[in-house]
Amino acid sequence: MLVLEPILCMALFSYFTVQMNKIISQIRRIPLELVFWIGAMIGILLIDPYGQQHFTLCPLDNLGFTWCPGCGLGRAMSLLTKGDIQASWSMHPLAMFAFAVIAYRIVELIRNIKTIKNYG
């Protein structure tokens, strides 16, 4: 019995190593850009556009400038997800276009994953 235990442990280790390598190869097939855009859409869904304080990554806003061509785009896109089209348009007119472009890019990246055959 003592002789079988190391063999059994080696067999289990080998099995789990093969399974982990399969999982890692599947994860590597997912483009980083797809992960980024899906994360951005989830962030847009979680934004509270009606709040007084909001988090910003805008370098111009962080430097103290009062005008930036992109400021308000994330909140305007969040308003779109909540169905407030008029408020979204008044906050940033390009929000609908940006939302459509990001959604289109996500769909294209998913299509590419489904059509690319990885034989390597």
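Reader: Which of the elements has the lowest mean pLDDT, and which has the highest?

Author: This is a predicted model, and among the elements of the protein chain the lowest mean pLDDT, 74, belongs to helix α1 (residues 4-28), while the highest, 92, belongs to helix α5 (residues 85-91).

Reader: And what is the mean pLDDT of the protein chain?

Author: The mean for the protein chain is 82, and 88% of its residues reach 70 or more.

Reader: How many helices and strands are there?

Author: The protein chain has six helices and zero strands, so that, read along the sequence, its pattern is α-α-α-α-α-α.

Reader: What does the UniProt annotation "transmembrane region" cover?

Author: According to the UniProt record, which is an unreviewed entry, that annotation covers residues 30-47 and 87-107. In the model, residues 30-47 are 83% helix and 0% strand, with 26 Å between their end C-alpha atoms. Residues 87-107 are 86% helix and 0% strand, and their end C-alpha atoms lie 27 Å apart.

Reader: Switching topic, which residues make up the largest nonpolar core?

Author: That core has eleven residues in all, namely L34, M41, I44, A76, M77, L80, A95, A98, I102, I106 and L109. Helices α2 (32-46), α4 and α6 (95-115) each supply at least two residues of this core, and α6 gives the most, with five residues.

Reader: What share of the residues count as buried?

Author: Of the 120 residues of the protein chain, 17% count as buried.

Reader: How much space lies in the largest pocket, then?

Author: The largest pocket holds about 600 Å³ of space. It is lined by 19 residues, of which I47, F55, T56, L57 and G74 are the closest to its centre.

Reader: Which helix gives the most to that lining?

Author: Helix α4 (residues 73-81) gives the most to the lining of the largest pocket, contributing four residues.

Reader: And how do the lining residues divide into nonpolar, polar and charged?

Author: The lining of the largest pocket has nine nonpolar residues, seven polar residues and three charged residues.

Reader: One last thing, where is the place of G70?

Author: G70 sits in the loop between α3 (59-62) and α4. Although G70 and L94 are 24 residues apart in sequence, their C-alpha atoms are 9.1 Å apart in space.

Reader: Why does G70 count as partly exposed?

Author: G70 counts as partly exposed because its relative accessibility is 39%, and that class lies between buried, under 20%, and exposed, over 50%.

Key. Residues numbered from 1 in each chain as written. Predicted model: local features only at pLDDT ≥ 70, side-chain atom pairs only at ≥ 80, totals over all residues. Heavy atoms only, no water. pLDDT = per-residue confidence, 0-100. 1 Å grid on protein atoms, 1.4 Å probe; cavity = no way out; pocket = protein on both sides within 12 Å on 5 of 7 lines; lining within 4 Å. Points joined across faces, edges and corners; volume = space filled by probe spheres on them. Nonpolar A, V, L, I, M, F, W, Y, C, P; charged D, E, K, R; others polar. UniProt positions renumbered as here; feature names shortened; annotations may be inferred. Core = buried A, V, L, I, M, F, W, Y, C linked by side-chain atoms within 4.5 Å. Buried < 20%, exposed > 50% of the residue type's maximum accessible area, 1.4 Å probe, protein only.
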